[in-house]
Each structure stands twice: as C-alpha cells, then as structure tokens.
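My entries follow in the order I made them.

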Amino acid sequence: MRDGGPPCTRLTARQALAAVTDSYTELPAPPEPAGPSSGPNGPPSGPNGPPEGSDGPLGWHGYDDARARARARTGEDESVVTALAVTGGTEMIVLSFEFRYLGGSLGERTGDLLEAACAEARRRRLPVVSLIATGGSRMQEGMRALSQLQRVARQSALNRAAGLPQIAVLRDPTTGGGWATLGAAADVILALPGAQIGFAGSRVRPPDADPYAYSAAGQWESGQVDAVVPPDRLRATLRRWLRLLEPPRVPGGPGVAPAPPPEALGSAELPDSGWAAVQRARAAGRPRAQAYLRAYFDEWEEISGDRCGGVDPGIRCGFGRRDGRTVAFAAQCGTATRPAGFRTAARLVRLAGRLGTPVLTLVDTPGAANDAAAERAGAGAAIADTFAALATAEVPVTSLLIGEGGSGGALALAAPGRLWATPDSYFSVIAPELATAILKRDEGQLHHTAGQLRIRPQDLLELGVIRGIVPVA
C-alpha cells in the first residue's frame, strides 16, 4: 500500500451522503444562539463582538463576501450537512462535510450543527457516522472557531458514554481539528484511498515531511486507521459495521450473555506427555486463528492498530456475527505478540464494553515479543494494560487456548475464570527450553522438564487453570 492508492474523488457533502445511504432527511438547523455569533449573515451586535454585518466575530474584512460566495457555489449555508439517514435498514445520524464551503472548515455555526446532531443521536439512540472532508478550524473566526473543537469533543464523549457507536469515514482531505476530534476519536475509522489525513495540513507541514505519512495508506500502516476502503466497497463495508455495532435500543437492559467457546478444529486426542503437547501446539499444520474465526462467525470486520503508531499482524481484532448477535474478538495468530498487538486487544475489549458486546479471545502465542524494539515500544506497559482491560471488562469475556500458551504474553488475553483449551494446546509459565536453561539442566532433560511443568490440557484442567477441554467439531 506504499503508493497510497489513486487520488480520492472529492464528492460534495450530499454526494457523499447519497453514496453511503439509501435515503436521508436533513436535520433542521438549531436556532442561532443569542449574543455574539458567526451566523451566515454576520454576528448580531453585543458587548463582546463587533456590530452586525462586520465580517464575523473578528471583524475579518471580506469574510461576509467569502461566505456568500461559498453559499452560491455550494447551495449550503454551512460547511456540514447533518441528516437522519438509513442504509441497509439501519438508521443513523450522518455528519457530512462540504469541502467547497471554505475548505470544510469548522466555525461557530458548524459547532451548533454538530452539537445538535450528536444530541439527536443520543435522543434516538443511533450511531453517528461522520463523512469528513475538512481543512481544520476557520481562521476568519479565530479562537471562537478553534473552541468548537471542545464542543465537538464533548459531544463525542457523551455519545461514547451513552454506548453509541461512532464511525468515521475519512475523505480527502481530513486534517486539523476535524481529524483530531470526529476522526481520530471514532470507534471505527475508515479511509478512502488516496485521502490526505493528518493533523497538519499540506501548507503547514515541514518542507521535508514525507507525504506518505499524511496519506490514508500511511496512517493505516501506523495504526491510526482501521481500514482503507475503495469507494465501490464503502457502502457495503459501512452497512456491515453498522449491523455489527448496532446499539441496544434500551440502555441498561438484561445482562450480556457470554459468548460460547468455539469447538476444537484439530486433533481430538490428548497428548501423553508435556513435550508431546508442545510439539502438537507448534505443528505447522495445526488450525490457527483464521480457521477458528471462519468456523465461528457468519461474517466479521476487523479493527487495526493501537492508535499509538503501531500495528501487530500477529493479532486480529474485530467484531463478528454469530447466531444473530455480535461478538467481539481478539485472536493471537501464533507469533510473539508485540506491544501494538496488546494495545489493540485492550482497545477492542474496552470498545466492546462500551457497546455491551461479549468478547471472545483466542490464545495462541509463544509469548510476548522480547526484543529491544518491543521494550522501546513499551512491552511491559502494554501487557499490563491488557491485563487491566480484561480484569475490568464490563462484558463477559470467553477465552479459548487454541495452541501455544506462552507465559504472561498468553495469559494477558486469557479471561480470568473463563478459559477453555483445545486438545492440541498447552499453557506454561515458561517455555520448557527456557526452563531447562534456567535450571542449568542439559538438553537431555528437556522432556522431563516439560512434564514437570504440567502444561498439558488435562493437567491444566486438574490444576483448575481451565474450565474445560472443548470437543472437536
């Protein structure tokens, strides 16, 4: 994805709405507040602002004319269109930015519209989908415009606290405060190929800045975006996400039922020794996370990245549909889990908690990555945060050990008291090879050491570490 894909077509706000919805009804604009404001005809007179018709709160010469030209060019009164929309049978509140209106910039009146739309989403208990195309805050309104970011951030936080999903679609460009509020704060972030994305717009970056870092592909590689979605797949992808994240109509309803553990996909026979358990768990042909996800879910979508600059391809996180309900998942893929992987899993568990969705974790790792790069990336803190996320999860977490259970790196994704195992798995406080080395035993004692550790599934059941050994499908 290094080239970032083809340039993104710049749709109007209403074209973007039409591209992802079956129908929509524009929300009525809220009344303009009394006192100083930057409405379409300039602010009324007041003690803190210039008299009416004097080019906004700063008295910026030419601002009234610029807004008049923007209205004539776009047919819009502001840089965002807010609507109650339907796609694939799911209702949602949509915030669609009009880049041709002063670069999609946020002014005071934009803040009024966004605040009212988010409040309407809470009233109706609907998800919010932001179709973003903005250059940032409106400099002609100065700090009055910049302060709208605080309003937007508060509305996003209120909707998050209400358990309502927020999905951002990053169009071209998505920069400045729009990216740092509605964009980066969303639960799921989708980007169009070739879109320019970043807090710094193209005219304010260092002259030697790598443009790829500010592209959709670059942001995906650095863990800031969940997926780069081609325009012809956007509607279908958005529909799946809305179906998967649909919030309950009545908050605080019956308790969330835990997800059932998957059935085993590998060997049905239990290992006769500790070392045999290790060999079977490490076998190249053993079923991995991908096979379990395919067997367990009817459909699923994945999130990606830790939002701190990292992605771990050795862990898969997302939401899937099974037997008519949504289950969140975090699945280790058999490699050493890196700090970004732990942080992504913790993000997934907390998001599921806010949305009232049960969680399934698939445990399969030789352990946490322990190289110098992992230490610099905060391995200890990332593992600690994952332990905390599972320990304090607001929804039930079900865990299945499907292969290697290597020490704390595996235990971090194992739900306390709700861990099952497959017959071709093992769980150990330390790898048998490392235990042998630490005890200063020769290699001939490796098999004996593995047995002493009692790492077989039947040992784990007898020790009370797991709740059961799942049958083969």
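I looked up Asp385 and found it partly exposed at 29% relative accessibility; buried means under 20% relative accessible area, exposed over 50%, and partly exposed in between, with a 1.4 Å probe and protein chains only. Asp385 forms a salt bridge with Arg350, with the closest N and O atoms 2.8 Å apart; the term requires a side-chain nitrogen of Lys or Arg within 4 Å of a carboxyl oxygen of Asp or Glu. I placed Asp385 in helix 13 (residues 379-391) and Arg350 in helix 11 (residues 339-355), 35 residues apart. Helices (H or I, at least four residues) and strands (E, at least two) are DSSP runs, numbered from the N terminus. Arg350 is partly exposed, at 36%.

I note that this is a predicted model, where local features need pLDDT of at least 70 and side-chain atom pairs pLDDT 80 or more, while totals for chains, interfaces and linings use all residues. Residues are numbered from 1 along each chain as its sequence is written, and side-chain values use heavy atoms, without hydrogens and water.

I next checked Glu301, which forms a salt bridge with Arg240 at 2.5 Å between the closest N and O atoms. Glu301 lies in strand 9 (residues 299-303) and Arg240 in helix 8 (residues 231-244), so the pair ties together parts 61 residues apart in sequence. Glu301 counts as buried at 13% relative accessibility, whereas Arg240 is partly exposed at 25%.

I then turned to strand 3 (residues 90-97), where 7 of 8 residues are buried. Strand 2 (residues 80-87) pairs with strand 3 in the antiparallel sense over 8 bridges; pairing takes at least two DSSP bridges.
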